[in-house]
There are 2 protein chains.
Amino acid sequence: MITKSKPLPPHKPSTRQAGRIQLISLPGLPEIRKGDDLARMIFQAAISAGIAFEKNDVVVVAQKIVSKAEGCVVQLSSVKPSPNARKLAAALKKDPRFIELILRQTRRIVRSEHVLIVETHHGFVCANGGVDRSNVPGCDSVAVLPKDPDKSARNLAAALKKLSGKTVAVILSDTFGRPWRLGLTNVAIGAAGIPVLRDLRGQRDRNRKRLHATILAVADEIATAAGLLMGKSDGTPVVIVRNYSYRPRNDRAARIVRPPDEDLFR
Amino acid sequence: MITKSKPLPPHKPSTRQAGRIQLISLPGLPEIRKGDDLARMIFQAAISAGIAFEKNDVVVVAQKIVSKAEGCVVQLSSVKPSPNARKLAAALKKDPRFIELILRQTRRIVRSEHVLIVETHHGFVCANGGVDRSNVPGCDSVAVLPKDPDKSARNLAAALKKLSGKTVAVILSDTFGRPWRLGLTNVAIGAAGIPVLRDLRGQRDRNRKRLHATILAVADEIATAAGLLMGKSDGTPVVIVRNYSYRPRNDRAARIVRPPDEDLFR
């Protein structure tokens, strides 16, 4: 929202985001396994594809391959559902072991109708607490979210810097649904080396009105853009976002989570 | 979600989204006024910037300039607030004329705490019903959403085709907030020439598991990606998304609105 502003010199449009951004998908990554050196595999896939990292590239990495590398894959057959999970599973007509895994990720159940929407221990509100069977080999295997996705992103950024000599940002993405609108979009669940929010409050629009309620969810925007080249069935879990202009700094995707006391849809 | 699938030939990863996507911001658009031929102005700005439209470019246009061209700008001083608007404005500590304008766009109030979140007559759920003071010249002026944003997109796509000789898709974008996560992102409120959702249900992931609950919100993804070059204070309301692979067809962004009976957060 905007309020009246005093006379000011004519507006100079910002040109810092003018120009072109490239989204580059990284082909050729093999199936990722527990303990794999993901940064090295990404770096080598880039070299094989003739892609050299550039300063301030944002490397968007699908959560699933990070979970695999970190061993966040669980065999359903090893899961013993609690009575609570059994009850919920019966109501939702789901596998009680799957529900048990979700509940282990859960701080709070937000909705439990048709689908189980929970707040994870990270604070993310999403369907099934991020527990997902897709793109995990084996019918018995499911992936859960990395324990600390911001830390995972920091580790990847540091390793990619060592390997490539370039300072890059890293965003871990996952596909979340939304209320009110159909379809999934990528969001950022982890970030390193890039501000996750762009606070325009106090800046002025091109008519010199002061912007009051404008914070842009930059890390989510970047994750979503990368999603255009990911596609759940495409097998391209890494996308490089090049030429997006930002001031590198430490930040955490955890900061995108809306504080509960400001959230009208808990 | 995924279920067991019968043995199948080895998965061939789709390559249709592999490669590079370019986001190209369009500089040099003048302030848009009621009755302006927006398609012609976009076309001419592109020529001046040395950008030639290519087949299947997706032209993302910020809602605000469409509203201006279509005369969807209202002088607050001309608005007579209803008793209901006055009451709500007092509770929210807002200008009653502003609230009145929101209510005129409103089919249903979703939340009215700190901020007014409504379902517009289009079906969109957003803060202030899309009524917005930013980037509208004059302290007394506010913009409302176009009456039929899908029609606006269709008209722009048809006119750009005539001018450029190229079939392009058009997406009208606006910045919406989200529950659970801070910050605004662009979403598609109008679309023409491109499928707005990509339904992967029944397709298989790279491990040949069948994808069950995966519909990607493509038009929102594209709008969000374009948002990286828009920025509310940057004065770049048109972004061309190039080399995104899709099958052109008629569709409507209205289709992204989640049917009320499937929506758990109404």
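User: Domain bounds come from an automatic or database domain assignment. Which domains is chain A divided into?

Analyst: Domain 1 covers 19-33 + 45-70 + 146-256, and domain 2 covers 74-141. This is a predicted model, where local features need pLDDT of at least 70 and side-chain atom pairs count only at pLDDT 80 or more, while totals for chains, interfaces and linings use all residues. Residues are numbered from 1 along each chain as its sequence is written, and chains are lettered from A and ligands numbered from 1 in the order in which they are written.

User: How many Å apart are the C-alpha centres of those two domains of chain A?

Analyst: The centres lie 26 Å apart. Nine residues of domain 1 of chain A are in contact with nine residues of domain 2 of chain A; contact means that the C-beta atoms, placed from the backbone, lie within 7 Å.

User: What classes of residue are on the domain 1 side?

Analyst: Four nonpolar, one polar and four charged. Ala, Val, Leu, Ile, Met, Phe, Trp, Tyr, Cys and Pro count as nonpolar, Asp, Glu, Lys and Arg as charged, and the others, Gly among them, as polar.

User: Switching to the two chains. How many residues of chain B are in contact with chain A?

Analyst: 68 residues of chain B are in contact with 68 residues of chain A. α6(B) gives the most to the chain B side, with twelve residues. Helices (H or I, at least four residues) and strands (E, at least two) are DSSP runs, numbered from the N terminus. By class, that side of chain B has 33 nonpolar, 18 polar and 17 charged residues.

User: Why do the copies meet through the same surface?

Analyst: Because 100% of the interface residues of chain B are also interface residues in chain A.

User: Last one: what order do the strands take in the open sheet of chain B?

Analyst: The order is β5-β6-β7, with antiparallel pairing. β5 and β7 (125-127) are the edge strands, each pairing on one side only. Three bridges join β6 (residues 115-120) to β7(B), and Ile117(B) stands opposite Ala127(B) in β7(B).

Key:
Contact = placed C-beta atoms within 7 Å. Pairing = 2+ DSSP bridges.
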